[in-house]
Amino acid sequence: MQSYSNSQQFNRGVIDSIPLVLGGLPFGVIFGTLAMNAGFDIWQTIGMSSIVFAGSAQFVAVGMLAAGTSMGFIVGATIIINLRHLIYAASMLPHVKHLPQKWRIPLGFLLVDEVFAATYPRYLQNPQADNNHWHYLGVGVSFFVSWNIATVVGIFFGANVEGIGNWGLDFAMSATFIGMVMPHLVNKPMVAGVLTSAIVAVVTYSLPHKLGLVIASISGMAVGYLLDSRRVQEAN
C-alpha cells in the first residue's frame, strides 16, 4: 500500500474536490443572488453560507424567510432536508471515531453532500492509512472556500443579471453528482439501490419540505442492503 504524507493527502483532497467545486459554483452564485433579492443584506447572506454551509437548506430557509414563515417551521424544514447527513455521518463514523475532538468537530461541520462524495472513496481505497482525514480536510476546505466565494460573486454580480435564477445553472450540481456516482456502481445491489432512490424521488417529488429526498434515500439503502445481504448469504 502506498503511503502519503499529511500534505500530500490534503493536496490530493483539494484536487479531488475540483469537479464538485466546479459544479457547486453556479449554485453558490444563484444563492447569493436570490438571498439579496429576498431582502437579505450582504453580511446576512455571507453569514448564512459560512455558518450554515448547507446549500439546499439555505435555499429553503431564504425562501421561507422571505415569505414570512415562522422560525419554528423553518427550523423543522431544514432539519428534515438535512436528515440525509445522518447517513453520511454513519458511513464516516468508523473511519474518524479514533480522531480527537479537535478534528471531529470541524470535519463534522464540513460533511456536506459534495465533501462526502469526494472523500468517502478515499477511505475505501486506502483503508489502512491513518491520515485519510487530511484528504477529508482538503476536500472540505476547498469546497467551503469556493462556496463562499461563489456566494460573494452572486451578491455583487449576480443581482445585476436579470433572471439568473431561471437559467438552470443549479443543474450543474446534479450533473456533477451523477458523474461522481456512476463509476462506483460496481454490483447489482448498488445499481438497484440507486435506481430505487431515483424512482422514489420522482414519485415523491411533490411532498413538502423535500421529504421525498429522505424517503428516496432510505428506500435505496434498504433495497441495496437487502440485496447485498442475500448476495453474501448465497456466496457462503
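Okay, quick definition before anything else: when I say two residues touch, or are in contact, I mean heavy atoms within 4.5 Å. This one is a predicted model, where local features need pLDDT of at least 70, side-chain atom pairs count only at pLDDT 80 or more, and totals for chains, interfaces and linings use all residues. Residues are numbered from 1 along each chain as its sequence is written, and side-chain values use heavy atoms, with hydrogens and water left out.

Let's start with Ala35, which sits in helix α1, residues 6-37. Helices here are DSSP runs of H or I, at least four residues, numbered from the N terminus. Not counting residues up to four places away in sequence, Ala35 touches Phe40, Thr45 and Val62. Ala35 has 0% relative accessibility, so it counts as buried (under 20% relative accessible area; exposed is over 50%, partly exposed in between, with a 1.4 Å probe and protein chains only). Gln58 is 23 residues from Ala35 in sequence, and their C-alpha atoms are 9.0 Å apart.

Now, over to helix α10. Which residues of α10 are buried? Pro189, Ala192, Gly193, Ser197 and Val200. They're on the same side of α10, because they cover an arc of only 135° around the axis, taking directions from the helix axis to the C-beta atoms. On the other side of α10, Lys188, Ile199 and Val202 are exposed.

And what do the buried residues of α10 pack against? That would be α11, 211-235. Ser229 belongs to α11, and at 22% relative accessibility it counts as partly exposed. Ser229 and Pro189 are 40 residues apart along the chain, with 9.1 Å between their C-alpha atoms.

Definitions and conventions
Helices (H or I, at least four residues) and strands (E, at least two) are DSSP runs, numbered from the N terminus.
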